[in-house]
Amino acid sequence: MEAGGGGAVEEEQVMSEVHLGCPPYFSGLHVSCFNFSSRPLGASGEDDGDGGGGIELTAATSGSCGSPDAVAVDEDGDLVLDRRRRKNKHVRSDYHQLTIQHGVTSSLKCVGLQVWKAALLLTDFVLHKSFTSSNFDGVTAIEVGAGTGLVGLALARVARRIFITDRGADILDNCLANVRINSGTLKFDEAKAYVRELDWKMSWPPPVGTYDPSDPSLRYLWSAHEIEEAEKATVLFAADVIYSDDLTDLFFDTVKKLMSNGAKKVLYLALEKRYNFSLDDLDVVANGYAHFRSFFTTQEAQGDAIHIDKPGFVGKLIDLAEVPQYIREYERGKDLEMWEITYSVEQKLQ
(Lines give C-alpha, C1' and ligand atoms only; values in the text may rest on other atoms or scores of the structure.)
Protein backbone atom coordinates (compact mmCIF):
# COMPACT_ATOMS: atom_id res chain seq x y z
CA MET A 1 0.00 0.00 0.00
CA GLU A 2 1.47 3.28 -1.06
CA ALA A 3 0.87 6.75 0.34
CA GLY A 4 -0.19 9.60 -1.93
CA GLY A 5 3.35 10.97 -1.99
CA GLY A 6 4.79 7.64 -3.11
CA GLY A 7 6.13 6.48 0.25
CA ALA A 8 5.01 3.28 1.93
CA VAL A 9 2.37 3.69 4.63
CA GLU A 10 3.59 2.27 7.93
CA GLU A 11 1.23 -0.39 9.29
CA GLU A 12 -0.55 0.39 12.53
CA GLN A 13 1.08 -1.33 15.49
CA VAL A 14 -0.85 -2.95 18.34
CA MET A 15 0.42 -4.13 21.71
CA SER A 16 -0.90 -6.77 24.11
CA GLU A 17 -1.33 -5.73 27.75
CA VAL A 18 0.78 -8.75 28.64
CA HIS A 19 3.80 -6.96 27.14
CA LEU A 20 3.50 -3.68 29.02
CA GLY A 21 6.70 -4.46 30.92
CA CYS A 22 8.70 -4.88 27.72
CA PRO A 23 10.64 -2.07 26.02
CA PRO A 24 8.05 -0.27 23.84
CA TYR A 25 10.67 0.68 21.23
CA PHE A 26 11.75 -2.93 20.71
CA SER A 27 10.68 -4.01 17.21
CA GLY A 28 12.05 -7.54 17.05
CA LEU A 29 11.30 -10.71 18.97
CA HIS A 30 11.45 -10.93 22.75
CA VAL A 31 11.60 -13.93 25.09
CA SER A 32 9.36 -14.03 28.17
CA CYS A 33 9.32 -16.70 30.87
CA PHE A 34 5.93 -17.49 32.41
CA ASN A 35 6.19 -19.26 35.76
CA PHE A 36 3.84 -21.89 37.16
CA SER A 37 3.73 -24.78 39.59
CA SER A 38 1.26 -27.52 40.47
CA ARG A 39 -0.16 -25.21 43.15
CA PRO A 40 -2.30 -22.26 42.00
CA LEU A 41 -1.66 -18.70 43.07
CA GLY A 42 -3.53 -17.14 45.96
CA ALA A 43 -6.76 -15.21 45.47
CA SER A 44 -4.78 -11.99 45.13
CA GLY A 45 -2.88 -13.33 42.13
CA GLU A 46 0.35 -13.49 44.11
CA ASP A 47 2.33 -16.57 45.04
CA ASP A 48 1.45 -18.11 48.39
CA GLY A 49 4.85 -17.32 49.83
CA ASP A 50 7.09 -20.27 49.08
CA GLY A 51 7.44 -19.87 45.33
CA GLY A 52 9.42 -17.19 43.65
CA GLY A 53 10.48 -15.32 40.62
CA GLY A 54 8.37 -12.98 38.56
CA ILE A 55 8.32 -12.62 34.80
CA GLU A 56 11.67 -12.94 33.13
CA LEU A 57 12.04 -10.76 30.05
CA THR A 58 15.00 -11.49 27.84
CA ALA A 59 15.92 -9.51 24.75
CA ALA A 60 15.97 -11.78 21.74
CA THR A 61 17.17 -11.15 18.22
CA SER A 62 15.66 -8.31 16.27
CA GLY A 63 14.31 -8.12 12.75
CA SER A 64 11.04 -7.93 10.88
CA CYS A 65 7.96 -10.00 11.71
CA GLY A 66 9.20 -13.54 12.14
CA SER A 67 12.73 -12.84 10.93
CA PRO A 68 15.12 -12.91 13.90
CA ASP A 69 18.52 -12.34 12.36
CA ALA A 70 20.43 -9.69 14.32
CA VAL A 71 21.26 -8.88 17.90
CA ALA A 72 18.86 -6.53 19.68
CA VAL A 73 19.85 -2.88 20.01
CA ASP A 74 18.05 0.08 21.53
CA GLU A 75 17.10 3.31 19.77
CA ASP A 76 20.61 4.69 20.41
CA GLY A 77 22.25 1.65 18.82
CA ASP A 78 23.44 0.15 22.13
CA LEU A 79 23.23 -3.57 22.76
CA VAL A 80 20.15 -4.58 24.75
CA LEU A 81 21.32 -6.83 27.57
CA ASP A 82 19.23 -9.47 29.29
CA ARG A 83 17.19 -8.07 32.17
CA ARG A 84 16.35 -10.77 34.67
CA ARG A 85 14.51 -10.36 37.91
CA ARG A 86 16.28 -11.85 40.89
CA LYS A 87 14.91 -15.27 41.75
CA ASN A 88 13.85 -16.29 45.23
CA LYS A 89 16.34 -18.80 46.62
CA HIS A 90 13.41 -20.73 48.10
CA VAL A 91 11.84 -21.57 44.75
CA ARG A 92 9.77 -24.75 44.98
CA SER A 93 11.13 -27.83 43.26
CA ASP A 94 7.91 -28.18 41.24
CA TYR A 95 8.27 -24.73 39.73
CA HIS A 96 8.25 -24.65 35.92
CA GLN A 97 8.63 -22.09 33.16
CA LEU A 98 6.97 -21.66 29.81
CA THR A 99 9.49 -19.78 27.68
CA ILE A 100 7.82 -17.93 24.82
CA GLN A 101 9.45 -16.05 21.99
CA HIS A 102 7.06 -13.32 20.86
CA GLY A 103 6.73 -9.88 19.38
CA VAL A 104 6.33 -6.92 21.73
CA THR A 105 4.21 -5.05 19.21
CA SER A 106 2.97 -6.13 15.80
CA SER A 107 0.83 -5.13 12.86
CA LEU A 108 -2.73 -6.45 12.85
CA LYS A 109 -1.81 -9.21 10.42
CA CYS A 110 0.95 -10.41 12.77
CA VAL A 111 -0.98 -10.35 16.07
CA GLY A 112 -0.26 -14.07 16.34
CA LEU A 113 3.31 -13.16 17.25
CA GLN A 114 2.12 -11.67 20.56
CA VAL A 115 0.91 -13.28 23.78
CA TRP A 116 -2.65 -12.31 24.71
CA LYS A 117 -4.46 -12.66 28.03
CA ALA A 118 -7.03 -15.15 26.72
CA ALA A 119 -4.20 -17.54 25.82
CA LEU A 120 -2.86 -17.30 29.38
CA LEU A 121 -6.35 -17.99 30.76
CA LEU A 122 -6.72 -21.05 28.54
CA THR A 123 -3.25 -22.19 29.58
CA ASP A 124 -4.33 -21.90 33.22
CA PHE A 125 -7.31 -24.13 32.36
CA VAL A 126 -5.07 -26.73 30.72
CA LEU A 127 -2.65 -26.68 33.66
CA HIS A 128 -5.50 -27.01 36.16
CA LYS A 129 -6.95 -30.03 34.37
CA SER A 130 -3.52 -31.64 34.05
CA PHE A 131 -2.74 -31.13 37.75
CA THR A 132 -6.13 -32.18 39.15
CA SER A 133 -7.45 -34.81 36.73
CA SER A 134 -6.52 -37.19 33.93
CA ASN A 135 -8.94 -35.54 31.45
CA PHE A 136 -6.20 -34.50 29.04
CA ASP A 137 -3.80 -37.39 29.63
CA GLY A 138 -3.02 -39.13 26.36
CA VAL A 139 -5.41 -37.04 24.24
CA THR A 140 -4.94 -35.98 20.66
CA ALA A 141 -5.78 -32.29 20.37
CA ILE A 142 -5.70 -29.37 17.94
CA GLU A 143 -4.93 -25.76 18.80
CA VAL A 144 -6.68 -23.58 16.20
CA GLY A 145 -5.19 -20.15 15.54
CA ALA A 146 -2.37 -20.96 17.93
CA GLY A 147 -0.34 -17.74 17.67
CA THR A 148 2.75 -18.39 19.77
CA GLY A 149 1.58 -21.94 20.59
CA LEU A 150 1.38 -21.24 24.32
CA VAL A 151 -1.69 -23.40 25.01
CA GLY A 152 -0.43 -26.30 22.93
CA LEU A 153 2.92 -26.26 24.71
CA ALA A 154 1.21 -26.54 28.11
CA LEU A 155 -0.89 -29.43 26.83
CA ALA A 156 2.12 -31.21 25.30
CA ARG A 157 3.24 -32.13 28.82
CA VAL A 158 0.41 -34.69 29.08
CA ALA A 159 -1.10 -35.17 25.60
CA ARG A 160 -0.37 -38.00 23.20
CA ARG A 161 -0.28 -35.62 20.25
CA ILE A 162 -0.97 -31.91 19.74
CA PHE A 163 -1.40 -30.18 16.39
CA ILE A 164 -0.40 -26.52 16.78
CA THR A 165 -1.96 -24.72 13.82
CA ASP A 166 -2.02 -21.25 12.34
CA ARG A 167 -1.23 -19.69 8.97
CA GLY A 168 1.75 -17.83 7.54
CA ALA A 169 5.44 -18.71 7.69
CA ASP A 170 6.24 -15.96 10.24
CA ILE A 171 3.75 -17.27 12.79
CA LEU A 172 4.52 -20.94 12.17
CA ASP A 173 8.30 -20.42 12.33
CA ASN A 174 7.84 -18.77 15.72
CA CYS A 175 5.60 -21.63 16.92
CA LEU A 176 8.23 -24.14 15.90
CA ALA A 177 10.92 -22.15 17.71
CA ASN A 178 8.79 -22.20 20.87
CA VAL A 179 8.30 -25.98 20.61
CA ARG A 180 12.05 -26.44 20.43
CA ILE A 181 12.70 -24.02 23.30
CA ASN A 182 10.24 -25.74 25.66
CA SER A 183 10.53 -29.45 24.85
CA GLY A 184 13.51 -29.83 27.16
CA THR A 185 12.40 -27.64 30.06
CA LEU A 186 8.81 -28.96 30.09
CA LYS A 187 10.03 -32.50 29.40
CA PHE A 188 7.82 -33.43 26.46
CA ASP A 189 8.79 -35.26 23.31
CA GLU A 190 9.21 -32.67 20.57
CA ALA A 191 7.92 -35.23 18.05
CA LYS A 192 4.44 -35.19 19.62
CA ALA A 193 3.93 -31.48 18.80
CA TYR A 194 3.14 -30.94 15.12
CA VAL A 195 3.29 -27.34 13.86
CA ARG A 196 1.03 -27.28 10.79
CA GLU A 197 -0.58 -24.66 8.59
CA LEU A 198 -4.38 -24.47 8.81
CA ASP A 199 -5.80 -21.68 6.68
CA TRP A 200 -9.42 -20.99 7.62
CA LYS A 201 -10.13 -19.80 4.08
CA MET A 202 -9.49 -23.31 2.76
CA SER A 203 -11.78 -26.28 3.30
CA TRP A 204 -10.84 -29.25 5.45
CA PRO A 205 -8.86 -31.38 4.83
CA PRO A 206 -5.88 -29.13 4.06
CA PRO A 207 -3.49 -29.78 1.17
CA VAL A 208 -1.31 -32.85 1.56
CA GLY A 209 2.42 -32.67 0.93
CA THR A 210 5.69 -34.40 1.65
CA TYR A 211 7.49 -32.96 4.66
CA ASP A 212 10.89 -31.49 3.85
CA PRO A 213 12.51 -29.44 6.63
CA SER A 214 14.97 -27.97 4.16
CA ASP A 215 12.20 -26.45 2.05
CA PRO A 216 10.33 -23.72 3.99
CA SER A 217 7.36 -23.96 1.63
CA LEU A 218 6.84 -27.63 2.55
CA ARG A 219 7.76 -27.53 6.24
CA TYR A 220 4.22 -27.06 7.54
CA LEU A 221 2.22 -29.18 5.09
CA TRP A 222 0.13 -32.09 6.38
CA SER A 223 0.62 -35.73 5.51
CA ALA A 224 -2.39 -37.95 4.83
CA HIS A 225 -1.64 -39.84 8.06
CA GLU A 226 -1.56 -36.62 10.07
CA ILE A 227 -4.96 -35.62 8.74
CA GLU A 228 -6.33 -39.00 9.85
CA GLU A 229 -4.77 -38.47 13.27
CA ALA A 230 -6.18 -34.93 13.53
CA GLU A 231 -9.68 -36.21 12.82
CA LYS A 232 -9.25 -38.56 15.80
CA ALA A 233 -8.68 -35.54 18.04
CA THR A 234 -11.16 -35.23 20.88
CA VAL A 235 -10.27 -31.72 22.07
CA LEU A 236 -9.89 -28.39 20.26
CA PHE A 237 -8.46 -25.22 21.79
CA ALA A 238 -8.64 -21.63 20.59
CA ALA A 239 -7.73 -18.37 22.33
CA ASP A 240 -8.33 -14.78 21.27
CA VAL A 241 -9.53 -15.62 17.77
CA ILE A 242 -12.69 -13.46 18.06
CA TYR A 243 -12.02 -9.88 16.96
CA SER A 244 -13.36 -9.63 13.40
CA ASP A 245 -16.76 -10.76 12.08
CA ASP A 246 -15.21 -12.07 8.87
CA LEU A 247 -12.60 -14.10 10.76
CA THR A 248 -15.26 -15.37 13.18
CA ASP A 249 -17.25 -16.68 10.20
CA LEU A 250 -14.17 -18.45 8.84
CA PHE A 251 -13.24 -19.79 12.29
CA PHE A 252 -16.61 -21.42 12.95
CA ASP A 253 -16.72 -22.82 9.42
CA THR A 254 -13.34 -24.49 10.02
CA VAL A 255 -14.32 -25.72 13.48
CA LYS A 256 -17.58 -27.18 12.13
CA LYS A 257 -15.65 -29.18 9.54
CA LEU A 258 -13.21 -30.42 12.16
CA MET A 259 -15.96 -31.37 14.60
CA SER A 260 -18.05 -33.08 11.89
CA ASN A 261 -15.27 -35.52 10.99
CA GLY A 262 -13.86 -38.39 13.01
CA ALA A 263 -14.15 -38.58 16.78
CA LYS A 264 -16.56 -36.52 18.83
CA LYS A 265 -14.84 -33.30 19.85
CA VAL A 266 -15.21 -30.50 22.35
CA LEU A 267 -13.88 -26.98 21.80
CA TYR A 268 -12.53 -24.87 24.65
CA LEU A 269 -12.43 -21.23 23.56
CA ALA A 270 -11.17 -18.24 25.53
CA LEU A 271 -11.64 -14.64 24.49
CA GLU A 272 -11.32 -11.11 25.76
CA LYS A 273 -14.07 -8.59 25.09
CA ARG A 274 -12.64 -5.43 23.56
CA TYR A 275 -14.77 -2.32 23.73
CA ASN A 276 -14.97 0.54 21.25
CA PHE A 277 -17.39 3.40 20.67
CA SER A 278 -19.89 2.52 17.94
CA LEU A 279 -21.52 5.23 15.81
CA ASP A 280 -24.29 2.79 14.90
CA ASP A 281 -25.13 2.12 18.55
CA LEU A 282 -23.96 5.47 19.93
CA ASP A 283 -22.49 3.47 22.78
CA VAL A 284 -19.38 1.60 23.83
CA VAL A 285 -19.74 -1.98 22.62
CA ALA A 286 -17.62 -5.12 22.40
CA ASN A 287 -16.99 -5.39 18.68
CA GLY A 288 -17.77 -8.82 17.27
CA TYR A 289 -19.01 -10.34 20.53
CA ALA A 290 -22.69 -10.44 19.55
CA HIS A 291 -21.73 -11.98 16.22
CA PHE A 292 -19.68 -14.62 18.04
CA ARG A 293 -22.62 -15.47 20.31
CA SER A 294 -24.93 -15.86 17.30
CA PHE A 295 -23.11 -19.04 16.25
CA PHE A 296 -24.30 -21.18 19.15
CA THR A 297 -27.11 -21.72 21.61
CA THR A 298 -26.28 -21.72 25.30
CA GLN A 299 -27.17 -24.70 27.42
CA GLU A 300 -28.74 -22.47 30.04
CA ALA A 301 -31.03 -20.83 27.47
CA GLN A 302 -32.18 -24.17 26.08
CA GLY A 303 -33.02 -25.63 29.47
CA ASP A 304 -32.91 -29.29 30.44
CA ALA A 305 -33.74 -32.18 28.10
CA ILE A 306 -34.30 -30.00 25.01
CA HIS A 307 -34.02 -31.97 21.76
CA ILE A 308 -32.05 -30.35 18.96
CA ASP A 309 -33.04 -31.78 15.56
CA LYS A 310 -30.60 -29.91 13.33
CA PRO A 311 -26.84 -29.43 13.24
CA GLY A 312 -25.62 -26.73 15.54
CA PHE A 313 -23.17 -25.53 18.13
CA VAL A 314 -24.08 -25.52 21.82
CA GLY A 315 -21.98 -23.49 24.24
CA LYS A 316 -21.60 -23.52 27.99
CA LEU A 317 -19.99 -20.55 29.74
CA ILE A 318 -17.30 -21.75 32.15
CA ASP A 319 -17.22 -20.10 35.56
CA LEU A 320 -13.71 -18.66 35.83
CA ALA A 321 -13.88 -19.00 39.60
CA GLU A 322 -13.46 -22.72 38.90
CA VAL A 323 -10.23 -22.09 36.96
CA PRO A 324 -7.49 -21.13 39.44
CA GLN A 325 -4.67 -18.93 38.22
CA TYR A 326 -1.34 -20.73 37.91
CA ILE A 327 0.57 -18.26 35.73
CA ARG A 328 1.39 -15.12 37.68
CA GLU A 329 2.42 -12.79 34.86
CA TYR A 330 -1.01 -11.41 33.93
CA GLU A 331 -4.15 -9.97 35.48
CA ARG A 332 -7.42 -11.47 34.30
CA GLY A 333 -9.73 -8.50 34.73
CA LYS A 334 -13.47 -8.73 34.08
CA ASP A 335 -13.55 -9.01 30.29
CA LEU A 336 -12.19 -12.55 29.86
CA GLU A 337 -14.55 -15.43 29.08
CA MET A 338 -14.12 -19.13 28.40
CA TRP A 339 -16.62 -21.38 26.64
CA GLU A 340 -17.04 -25.13 26.25
CA ILE A 341 -18.59 -25.67 22.82
CA THR A 342 -19.87 -28.85 21.19
CA TYR A 343 -21.31 -29.54 17.75
CA SER A 344 -23.83 -32.21 16.96
CA VAL A 345 -26.48 -33.17 14.43
CA GLU A 346 -28.72 -34.47 17.16
CA GLN A 347 -28.14 -33.69 20.79
CA LYS A 348 -30.02 -33.92 24.05
CA LEU A 349 -28.96 -31.50 26.74
CA GLN A 350 -28.83 -32.88 30.25
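Biologist: Is Arg-161 buried or exposed?
Modeller: The model is predicted: local features need pLDDT of at least 70, side-chain atom pairs count only at pLDDT 80 or more, and totals for chains, interfaces and linings use all residues. Residues are numbered from 1 along each chain as its sequence is written, and side-chain values use heavy atoms, with hydrogens and water left out. Buried means under 20% relative accessible area, exposed over 50%, and partly exposed in between (1.4 Å probe, protein chains only). At 14% relative accessibility, Arg-161 counts as buried.

Biologist: What is the N to O distance in the salt bridge of Glu-229 and Arg-161?
Modeller: A salt bridge needs a side-chain nitrogen of Lys or Arg within 4 Å of a carboxyl oxygen of Asp or Glu. The side chains of Glu-229 and Arg-161 form one, with an N to O distance of 2.7 Å.

Biologist: How many residues apart are Glu-229 and Arg-161?
Modeller: Glu-229 sits in helix α4 (residues 224-231) and Arg-161 in strand β7 (residues 161-166). Helices (H or I, at least four residues) and strands (E, at least two) are DSSP runs, numbered from the N terminus. The pair links distant parts of the chain, with a separation in residues of 68.

Biologist: Which residue forms a salt bridge with Lys-117?
Modeller: In this salt bridge, the closest N and O atoms of Lys-117 and Glu-272 are 3.9 Å apart. Lys-117 belongs to helix α1 (residues 117-132) and Glu-272 to strand β10, so the pair ties together parts 155 residues apart in sequence. Both Lys-117 and Glu-272 are buried.

Biologist: Which residues are linked with Lys-117 in a network of salt bridges?
Modeller: The count for the model comes to 15 salt bridges. In the network, Lys-117 is joined by Glu-17, Asp-240, Glu-272 and Arg-274.

Biologist: How many residues of strand β10 are buried?
Modeller: Val-266, Tyr-268, Ala-270 and Glu-272 point one way from β10, and Leu-267, Leu-269 and Leu-271 the other way. Both sets are buried. For β10 (residues 266-272), the buried count out of seven residues is therefore, by the cut-off of under 20%, seven.

Biologist: Which strand runs antiparallel to β10?
Modeller: Two strands pair if DSSP finds at least two bridges between them. Five bridges join β10 to β9 (residues 235-239), and these two run parallel, with Ala-239 opposite Ala-270. Leu-269 has Trp-339 as its bridge partner on the other strand. That antiparallel strand, joined to β10 by seven bridges, is β16.

Biologist: Which helix lies between β9 and β10 in the β-α-β unit?
Modeller: A crossover is right-handed if, with the strands pointing away from the viewer, the path from the first strand over the helix to the second runs clockwise. The unit here is right-handed, and its helix (residues 245-260) is α5.

Biologist: What is the strand order of the open sheet?
Modeller: The sheet has eight strands with mixed pairing. Their order is β8-β7-β6-β9-β10-β16-β15-β13.

Biologist: Which strands stand at the edges of the sheet?
Modeller: Each edge strand has a single partner, so one side of each is left without a neighbour in the sheet. From one strand to the next, the twist averages 25°. The edge strands are β8 (193-197) and β13 (296-298).

Biologist: What angle does the direction of α1 make with that of β10?
Modeller: In β16, Met-338 is the bridge partner of Ala-270. Helix α1 packs on the sheet, touching β9, β10 and β16; contact means heavy atoms within 4.5 Å. Axes are lines fitted to C-alpha atoms, for helices over the stretch in contact, and angles run from 0 to 180 degrees between N-to-C directions. For α1 and β10 the angle is about 140°.

Biologist: What is the relative accessible area of His-96?
Modeller: His-96 is found in strand β4 (residues 96-103). Beyond its neighbours within four places in sequence, its contacts include Phe-34, Phe-36 and Leu-186. His-96 is partly exposed, with a relative accessible area of 26%.
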